[in-house]
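Subject: Aromatic pairs in the model

Dear colleague,

Here is the structure I said I would pass on. My notes on its aromatic side chains follow below.

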Amino acid sequence: MRIGLLTDGGYPYVTGESRLWCDRLVRGLAQHEFDIYALSRSAQQEDHGWIRLPAQVQRVRTAPLWAPEDDGHTYGRRDRRRFVGHFKELAGAVCGQTDGFAEGLYGLAELARERGGLYAALRSELAVRVLESACRAPGARRGLHAATVPDYLTFVDQLERGLRPLSLDWYGEDGLGAVDLCHAASGGSAALPGLLAKRFFGVPLLVTEYGVQLRAHYLAVSDSELTSPVRALLAAFQGELAAEVYDRASVITPGNTHARRWQEKCGADRAKLRTVYPGMEADRFAAVGEGDDAGEAHTLVWVGRIEPAKDLIALLHAFAEVRKEEPQARLRLFTAPAQGAEAATYLAHCRALAAHLFPDEAADAHAVGDNPVSFEEIGGPEAPELADAYAGGSVVVLSSVVEGFPISLVEAMFCARATVSTDVGAVVEVIGGTGLVVPPRNPRALADACLALLRDPERRQRLGAAARARALELFTIEQNLTAFRGIYLELISHSPVRREAVDEDGEPLPFGHPAEAHVPGHWTGGAPSNGRTPRWAAVPRQVRGIVGTAVMPKEAGA
């Protein structure tokens, strides 16, 4: 089948959060064809280029969300009236007065498809006036009455960027209209083209969220310098968009129960939710996980990005308590090079705190002093490979205060290491009883758990073996591909895209679809008159012609 893979700020670019699992998905499902529809987030991302794409990628279409995209079209009187009507519905829903978000969204999409000009219209004085009226109307959300003209201008600028996928030229018979299934790699803007493909062509939509887009937006906006009315408007827009995406999606695949709870709170139907864990490469950790070296007995290891959410401050204070009980203990912090000013500042602060808590120590008057805490880069002499970092100690620690799916924890499990983690995000779900979990921001509890494992080598070995077995069962690439392979076949059999079968000259092809494709049943959205599916038609069929897909029996073992 032909899959339209929708991404935002990731695959096929070299940088971005979704690039790894999307690449594994495309390479692992080589029997399918993939068209990539990618939104880029910055000029730097585009400058870095794409990763090497496999042969099954038939086409790549990209669009920037960071640069103005004015098509030069302006509306006449009739089209302005259409725009005002649709924008009033959308703005009223965002301001909490109506339930017309979907009508406004699809109305603007149809206007953009027919006439273009949405860029100029959304940034026009007319749009600002409509937004102002919605914010000042009775029943508007709390705090919006205080919005000022600069707030309206800021919001319509952000809104135009968020709705920019509506103006793309992807929605033709040779674009998303030609795919059998849209798979959005995240919610939010990435899923917008999938919504329109379903609206215009009936293409089923699958949405995967390993990190909930709405939650990420809330965290980003809370740290921004935007005013309260703008933050409220943006949060309301993202919430309405998430609810619409979840409502229209045929299947939603959260990456863990933590993400699933967020989706349910945002209105996702439980019947559509299927947890599919991220697939990770187990082979790169096999040498450590299957080896006899249990790591340095008195050494704790931390692996991750340097950022405040990882709470290395609490970890350093916890290690100070560990050192009081176990003077031989060491803490090795492995990280990639700090990216950005904030990360560099935080790293410098952590180094200063480590130097203050643990002055260089020497065994005697003739020995060189050494600090029990070391900051090391992955790829350096001590850890040429990522697996070497985990091999450097007997206990792996995660001290985060905010975490989605804890990738470093799964990597430690592949390496058969005992772990101590804070109870955040999907940590408990991932660990499943194979490691120790303590409350976040509690250095004393973190220290006690570390001491318990450092003093009990048999327990470390037992927990490490159980952790590796759990990781191999749940978090491998193979289980991820198996899950998506089954979901793809299920969706295409239950929701086939109805297209006219044509020959090589574009003429109608008689008998292009088998007769059973027209028999109503649960997979076609209809039902036979007696409410039962005939036995001969109980298994869906899928037929690929020159273009189009109909229904036929699933592959054996699918």
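F101 and F237 are both buried, where buried means under 20% relative accessible area, exposed over 50% and partly exposed in between (1.4 Å probe, protein chains only). This is a predicted model, in which local features need pLDDT of at least 70, side-chain atom pairs count only at pLDDT 80 or more, and totals for chains, interfaces and linings use all residues. Residues are numbered from 1 along each chain as its sequence is written, and side-chain values use heavy atoms, with hydrogens and water left out.

Rings of Phe, Tyr and Trp (its six-membered ring) pair if their centres lie within 6.5 Å; planes under 30 degrees apart count as stacked, over 60 as edge-to-face and the rest as tilted. The count by this rule is 14 aromatic pairs. One of them is F101 with F237, a tilted pair at 6.0 Å centre to centre with 55° between the planes. It joins distant parts of the chain: F101 belongs to helix 4 (residues 101-115) and F237 to helix 10 (residues 228-248), 136 residues apart. Helices here are DSSP runs (H or I, at least four residues), numbered from the N terminus.

F285 and Y390 are edge-to-face because their planes stand at 80°, with ring centres 6.2 Å apart. This pair also links distant parts of the chain, 105 residues apart: F285 is in the loop between helix 11 (257-265) and helix 12 (286-289), Y390 in helix 15 (residues 386-391). F285 is buried at a relative accessible area of 1%, and Y390 is buried at 0%.

A single aromatic cluster is formed by W21, Y210, F484 and Y488.

Regards

Technical notes
Helices (H or I, at least four residues) and strands (E, at least two) are DSSP runs, numbered from the N terminus.
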